[in-house]
Amino acid sequence: MNSKRKVSKRGGVLAGQCALVTGAGRGIGRAVVLALAGAGAKVALLARSEDQLDGVAAEVRSSGGEAVTHPCDVACEGEIVAGVAECQRQLGRVDILVNNAGVFLDKPIAEITLADWDRVLRVNATAPFLFCRAVLPHMREQGGGRIVNIASTSGVQGYVGQAAYCASKHALLGFSRCLALEAKPSNIHVYTLCPGGVRTDFIAGTFLSKRLEGQPMIEPENMGDMVVFLVSQPPNVDIAEVVVRRFSTA
Ligand SMILES: NC(=O)c1ccc[n+]([C@@H]2O[C@H](COP(=O)([O-])OP(=O)(O)OC[C@H]3O[C@@H](n4cnc5c(N)ncnc54)[C@H](OP(=O)(O)O)[C@@H]3O)[C@@H](O)[C@H]2O)c1
């Protein structure tokens with residue numbers, strides 16, 4: 001779906017705020033960027049594919065919004081630290097962090113190599129930890145912030161063939177729960193969004209994609225709207241975790 005969102009020139013619920021989104025070049029990340037920009041936020045886009053980041057940034061700018069891009073491999077701690085510092089320098093502040101970058105693995109346990117395991121845990125769990133650790137001092141200095149970690153229904157239940165992926169998303173959920181407690185005194189809200197079955201290329205070519213063929217799916221734009229809903233809640237409201245499943249009558 002190629003959504004066109006108009007960025008409100010006169011403001012919007014997130015006017016004056018700056019957001020950093022990982023995995024921003026396609027899929028859910030792209031939709032989150034467009035939704036945040038549509039609500040008036042300036043957005044920093046991170047991922048490895050520069051052409052995709054440039055494409056999404058151009059979409060934001062063509063609707064009147066502001067976007068900066070920064071190529072970053074979230075498997076690399078140095079690139080995360082440099083990326084956060086550079087985005088903060090360019091935007092002036094970071095009010096919202098969306099940890100969205102992720103990789104999928106669909107393999108029986110006996111076939112998962114240590115390299116597979118390390119890669120999935122590194123991108124899906126370690127990278128969000130490093131991003132959170134990097135933005136926390138800025139958010140504390142600013143007097144607050146909002147962090148959205150995109151986990152999965154695989155973070156709240158097991159699936160056959162998804163041991164590494166489920167372990168990474170359970171780890172992310174556990175980390176988020178602790179972060180929420182530690183960050184609360186600094187006025188930082190932490191949300192964990194756990195979707196299942198979003199229409200992107202994430203699971204292309206896997207057993208799971210064959211199983212879901214022709215079935216109703218969640219659209220990436222639904223996730224973008226959900227992120228804006230979460231980060232625009234008033235400060236007295238605490239929404240910790242949201243599980244979003246496909247609604248099917250079948
Ligand atoms: N689609 C679903 O059904 C579904 C369900 C539950 C949860 N999720 C979660 O939602 C998030 C986004 O998924 P999606 O469906 O939008 O997938 P997607 O379309 O494949 O997009 C994944 C994004 O993550 C980035 N990424 C992957 N590895 C990276 C790395 N090492 N460094 C930097 N960026 C990296 C990719 O950019 P580059 O490759 O250019 O780096 C891309 O922008 C993931 O965390 C996923 O676990 C998805």
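This is a predicted model: local features need pLDDT of at least 70, side-chain atom pairs count only at pLDDT 80 or more; totals for chains, interfaces and linings use all residues.
Around the ligand there are 28 residues, and among these G23, G27, R48, S49 and G102 come nearest. A residue counts as near a molecule if its C-beta atom, placed from the backbone, lies within 6 Å of it. Residues are numbered from 1 along each chain as its sequence is written.

By class, the shell around the ligand holds twelve nonpolar, twelve polar and four charged residues. Here Ala, Val, Leu, Ile, Met, Phe, Trp, Tyr, Cys and Pro count as nonpolar, Asp, Glu, Lys and Arg as charged, and the others, Gly among them, as polar. Helix α1 supplies the largest share of this shell, with three residues. Helices (H or I, at least four residues) and strands (E, at least two) are DSSP runs, numbered from the N terminus.

Let me stay with α1. The axes of α1 (residues 27–38) and α2 (residues 50–62) come within 10 Å and cross at roughly 20°. Therefore α1 is roughly parallel to α2. Axes are lines fitted to C-alpha atoms, for helices over the stretch in contact, and angles run from 0 to 180 degrees between N-to-C directions; angles under 35 degrees count as roughly parallel. On the α1 side the contact is made by R30, V33, L34 and A37, and on the α2 side by V56, E59 and V60. Two residues are in contact if their C-beta atoms, placed from the backbone, lie within 7 Å. Five of the residues in this contact are nonpolar, none is polar and two are charged.

Next, A47, which lies in strand β2 (residues 42–47). Is A47 buried or exposed? A47 is buried, because 24 other C-beta atoms lie within 10 Å, the cut-off for buried being 20 or more. Leaving aside neighbours within four places in sequence, A47 is in contact with residues including T22, G23, G29, Q52 and A101.

Finally, α4 (residues 114–142) and α5 (residues 163–183) pack at an angle of about 15°, their axes 8 Å apart. These two helices are therefore roughly parallel to each other. Their contact comprises 16 nonpolar, two polar and two charged residues; W117, L121 and F129 are among those in α4, and Y165, L172 and F175 among those in α5.

How values were computed:
Angles under 35 degrees count as roughly parallel, over 145 as roughly antiparallel, 65 to 115 as roughly perpendicular and the rest as oblique. A residue is buried if 20 or more other C-beta atoms lie within 10 Å of its own, exposed if 12 or fewer, and partly exposed in between; C-beta atoms are placed from the backbone.
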